[in-house]
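Here is a short briefing on one protein model. Keep the sequence and the 3D view side by side as you read.

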Amino acid sequence: MIFLSVLISLKIILLFTLAWNARFVMDEFVQLGWAKYFSNGLFGTIWHAKAVGYAVFYEIAHLIGWDATSILLAGRMQTALLACGTIAFVYACARALGEDRVRALIIVLLLLCFSNFMERVFRTIAEPLALFFAVAALLVILRARELKGRQFVAAGLLSGLSFLATQKSIYFNVALGLGLVADAALMRRYTTGAVRGAWLVLGWTVPIVAYCFIFGGTDPVPIARNLIFGPLEIAARGGGDYGGLRRFVVQTLARNYVFYVFCFAGMALSLTQIMKIDERRRIALIFSVVITMLVFAHDQPWPYVFIMALPFMSLWSLTMLDGIATHTRYLRLAWIALATAMAISFVANLFYLRFDNTAQLELVARAEALLAPDERYFDGVGMLPNRMEPTTLWLDKHYVLKTLRESGRSEAYSVLSKSPPKLILWSYRMDYIYPVVAPLILNSYVRVAPNLRIAGARLHPGERRIFEVPIAGSYALYGADGIPLPGQVEIDGAVLDPPFHLTTGPKTIVLRNGAGEALLLPTGSYAGHFKPGGDNEFLFDGVYD
């Protein structure tokens with residue numbers, strides 16, 4: 001038991017290490033950053049197609065952090081701590097299902113050996129929070145001395161909170177509801193099943209109603225309509241725009257095939273005995289089978305989606321060992337296979353650290369330093385959690401394709417032409433839409449560091465160029481190191497000393513009396529924040545590998 005505790009402790013340490021160092025996935029930035037809209041138009045001028053319960057959770061990181069980088073890392077640590085709570089609930093579920101302490105610890109260790117769980121459960125997205133409430137809901141049922149109305153209502157409340165983290169949690173809600181109702185139906189207690197379902201729905205409704213009144217005030221109906229119908233458009237289009245997402249199912253099966261064999265076999269063996277096992281095990285089994293089927297059938301099976309099923313699957317991981325307990329040779333081989341897979345998982349966790357988030361955090365820190373709190377940026381990813389954007393446009397594959405189709409009528413084009421930002425953070429997603437927005441960027445923004453474009457122009461002495469001023473305001477000359485430069489600038493025939501005010505629109509610019517290359521930029525404090533070099537093309541490379 002001490003040995004198991006040490007191994008689990010090492011896994012927890014690795015979990016926090018991964019949380020601190022692993023490269024950020026695009027979704028993490030935008031979902032963590034949504035908390036900034038609570039006092040900036042949320043459900044007023046800005047409507048979100050998803051429930052914002054996860055954003056309430058990540059508001060804690062915004063309160064703890066003092067700059068963009070610290071907010072991102074605080075969010076990661078916060079979610080890693082949440083994962084520890086989920087792990088503790090899984091242990092409690094195993095104990096409630098009759099497992100002794102040693103077997104419950106083995107179940108927890110096995111869960112921590114799944115690559116998807118270790119690499120995704122700390123991500124600053126909605127799924128870890130939804131999973132926390134879902135495991136808690138199942139635990140309420142499993143630990144109840146008697147299954148009565150208040151237990152079902154409590155489980156419903158937790159299921160509702162899970163739904164408010166992400167509507168994808170309807171999977172959890174359906175699985176729990178089917179577990180409770182199907183268990184009663186198998187025992188031919190049909191009225192009991194109907195009553196259970198009613199109590200569960202009642203509990204589920206309470207947080208939903210509260211959510212609608214909290215955000216809708218005296219007019220909760222639009223919030224309710226958004227909560228229910230908002231995700232339908234996303235669900236309706238599915239993963240067709242991406243193509244090939246089923247490869248992530250193959251990926252998780254290939255990397256964790258030993259663990260999946262144990263879990264799938266355990267559930268299958270338990271299903272053959274479903275009429276003989278006790279009530280709570282039957283409920284948990286039906287829940288686990290349903291959620292597993294729903295998650296693996298999901299048409300957008302990104303690697304982090306599997307964390308929604310793994311904790312429940314792991315509860316049945318040792319059942320196969322019980323089935324072959326009388327066959328000493330097979331039992332020994334099974335333990336060897338399991339122990340070997342667990343050992344390999346530790347090496348895989350360390351190997352996953354080979355791609356760290358240093359470049360991403362450096363870009364975030366540099367971009368934040370170049371923006372005053374009231375200035376805006378654009379990247380279609382939301383990399384700065386404490387700076388505002390002119391739009392909440394999320395440049396996933398669907399909206400990239402839509403931008404390319406709509407061209408000059410697209411939201412991206414409209415934003416960059418009508419409310420241009422001071423700064424653009426560049427990634428492969430901007431590369432995708434560059435054919436559309438190039439006319440708005442080419443003569444209006446200049447690269448001052450890898451993956452950073454700022455409103456301005458690069459000037460050489462005596463060279464005439466057209467500067468399409470995107471933002472009206474005070475401009476001055478700066479060197480490649482961000483230090484202010486002396487010199488004169490001819491603007492549409494008038495020679496001026498900086499700083500000077502520029503209105504939007506095309507200006508003919510000539511650098512006069514300059515010693516060398518100069519950057520014409522909005523006045524600001526840039527010293528030490530510029531960096532030579534081309535864009536880093538690998539900011540998000542391999543984040544789903």
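Four strands make an open sheet in this predicted model, in the order β6-β11-β8-β9. Their pairing is antiparallel. From one strand to the next, the twist averages 35°. The points below start with this sheet, then turn to a helix, a glutamate and the cysteines.

**The sheet**

- Strands of a sheet pair through backbone hydrogen bonds, and the pairing can be parallel or antiparallel.
- Which strands stand at the edges? They are β6 (464-469) and β9 (494-496).
- Each edge strand has a single partner, so one side of each has no neighbour in the sheet.
- Strand β8 (residues 488-491) runs antiparallel to strand β11 (residues 505-512), and four bridges join them.
- β8 and β9 form a hairpin, with two residues between the strands.
- D492 sits in that turn and has a positive phi of about 50°.

**Helix α5**

- At the start of α5, a side-chain oxygen of D100 comes to within 3.2 Å of the backbone nitrogen of V102.
- How many residues of α5 are buried? The count is 10 of 13, so the helix is mostly covered.
- The buried residues are A104, L105, I106, I107, V108, L109, L110, L111, L112 and C113.
- Helices that cover these buried residues include α1 (2-21), α4 (68-96) and α6 (115-120).
- Also among the covering elements are α13 (257-272), α15 (310-314) and α17 (328-351).

**Glutamate E119**

- E119 lies in helix α6.
- Is E119 buried or exposed? Its relative accessibility is 5%, so E119 counts as buried.
- Leaving aside neighbours within four places in sequence, E119 is in contact with R255, Y352 and D545.
- E119 and L15 are 104 residues apart in sequence, but their C-alpha atoms are 7.8 Å apart in space.

**The cysteines**

- A disulfide is a covalent bond between the sulfur atoms of two cysteines.
- How many disulfides does the structure hold? The count is zero.
- C84 is in no disulfide, and the nearest cysteine sulfur, that of C113, is 15 Å away.
- C84 has 23% relative accessibility, so C84 counts as partly exposed.
- C93 counts as buried, because its relative accessibility is 1%.

Methods:
Residues numbered from 1 in each chain as written. Predicted model: local features only at pLDDT ≥ 70, side-chain atom pairs only at ≥ 80, totals over all residues. Heavy atoms only, no water. Buried < 20%, exposed > 50% of the residue type's maximum accessible area, 1.4 Å probe, protein only. Contact = heavy atoms within 4.5 Å. Polar contact = N/O pair within 3.5 Å; in protein donor to acceptor, adjacent residues only side chain to side chain. Pairing = 2+ DSSP bridges. Axes fitted to C-alpha atoms, helices over the stretch in contact; angles between N-to-C directions. Disulfide = S-S within 2.5 Å.
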